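Subject: Structure handover and notes

Hello,

Here is the structure you will be working with. Please open it next to this email and follow the notes below.

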Amino acid sequence: MTHTTTDVMIGKSQPIREMFDMVDRVASSDANILIQGESGVGKELVAQAIHRKSPRFSAPFVVIDCTALQET
């Protein structure tokens with residue numbers, strides 16, 4: 001059976017199931033969460049999944065591209 005965490009991400013491999021489980025665990029936390037990965041791997045999709053499952057779901061999801069920020 002394929003496990004889904006959102007309507008956008010699907011998968012059934014062990015690594016993707018572990019990621020879905022992690023999304024479920026951290027979504028209820030108030031902690032800051034750092035999502036790392038290469039460009040194009042779906043970090044924003046994971047962040048959106050966490051947001052959708054969190055108590056802050058009704059608040060807007062704001063994307064910030066840190067590579068576009070200047071050091072100063």
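Which residues does Val46 touch, not counting residues up to four places away in sequence? The residues are Met9, Met19, Val23 and Ile35, where contact means heavy atoms within 4.5 Å.

Before the rest, some ground rules. This is a predicted model, in which local features need pLDDT of at least 70 and side-chain atom pairs count only at pLDDT 80 or more, while totals for chains, interfaces and linings use all residues. Residues are numbered from 1 along each chain as its sequence is written, and side-chain values use heavy atoms, with hydrogens and water left out.

Overall layout

The protein has two helices and two strands, and along the sequence they come in the pattern β-β-α-α. Helices (H or I, at least four residues) and strands (E, at least two) are DSSP runs, numbered from the N terminus. The C-alpha trace spans about 50 × 30 × 20 Å along its principal axes. Of the 72 residues in the protein, 21% are buried. Buried means under 20% relative accessible area, exposed means over 50%, and partly exposed is in between (1.4 Å probe, protein chains only). The protein exposes about 5900 Å², and carbon and sulfur atoms supply 54% of that area. Accessible areas come from the Shrake-Rupley method with a 1.4 Å probe, and for residues only the protein chains shown count as cover. Among contacts with a separation of 6 or more, 36% are between residues 24 or more positions apart.

The core

The largest nonpolar core has nine residues: Met9, Met19, Phe20, Val23, Val26, Ala27, Val46, Ala49 and Ile50. Helices α1 (14-26) and α2 (43-53) each supply at least two residues of this core, and α1 gives the most, with four. A nonpolar core is a set of buried Ala, Val, Leu, Ile, Met, Phe, Trp, Tyr and Cys residues joined through side-chain atoms within 4.5 Å.

Val46 is found in helix α2 and counts as buried because its relative accessibility is 15%. Val46 and Met19 are 27 residues apart in sequence, but their C-alpha atoms are 8.5 Å apart in space. Ala27, another member of the core, is in contact with Ile50, Lys53, Ser54 and Pro55, leaving aside its neighbours within four places in sequence.

Helix α2

The buried residues of α2 are Val46, Gln48, Ala49, Ile50 and His51, and these buried residues pack against α1. An α-helix has 3.6 residues a turn, so residues three or four places apart point the same way. His51 lies in α2 and is buried, with a relative accessible area of 15%. Not counting residues up to four places away in sequence, His51 touches Arg56, Phe57, Ala59, Pro60 and Phe61.

Salt bridges

How many salt bridges does the structure hold? There are two, a salt bridge being a side-chain nitrogen of Lys or Arg within 4 Å of a carboxyl oxygen of Asp or Glu.

One joins Asp24 and Lys53, with the closest N and O atoms 2.8 Å apart. This pair links distant parts of the chain, since Asp24 is in helix α1 and Lys53 in helix α2, 29 residues apart. Asp24 is partly exposed at 36% relative accessibility, and Lys53 is partly exposed at 37%.

The other joins Arg56 and Asp30, with the closest N and O atoms 2.9 Å apart. Here too distant parts of the chain are linked: Arg56 is in the segment after α2 and Asp30 in the loop between α1 and α2, 26 residues apart. Arg56 is partly exposed, with a relative accessible area of 49%, whereas Asp30 is exposed, at 64%.

After α2

Val62, Ile64 and Leu69 form a nonpolar patch on the surface, with about 330 Å² of accessible area together. Patches are made of residues with over 30% relative accessible area and no salt bridge; like charges are joined within 9 Å, and nonpolar side chains (Val, Leu, Ile, Met, Phe, Trp, Tyr) within 5 Å. Ile64 is in the segment after α2 and is exposed, with a relative accessible area of 59%.

Thr67 also has its place in the segment after α2 and counts as exposed, at 72% relative accessibility. The side chain of Thr67 makes a polar contact with the side chain of Asp65 (2.5 Å). A polar contact is a pair of N or O atoms within 3.5 Å; within protein, one must be able to donate a hydrogen and the other to accept it, and residues adjacent in sequence count only if both atoms are side-chain atoms.

Regards
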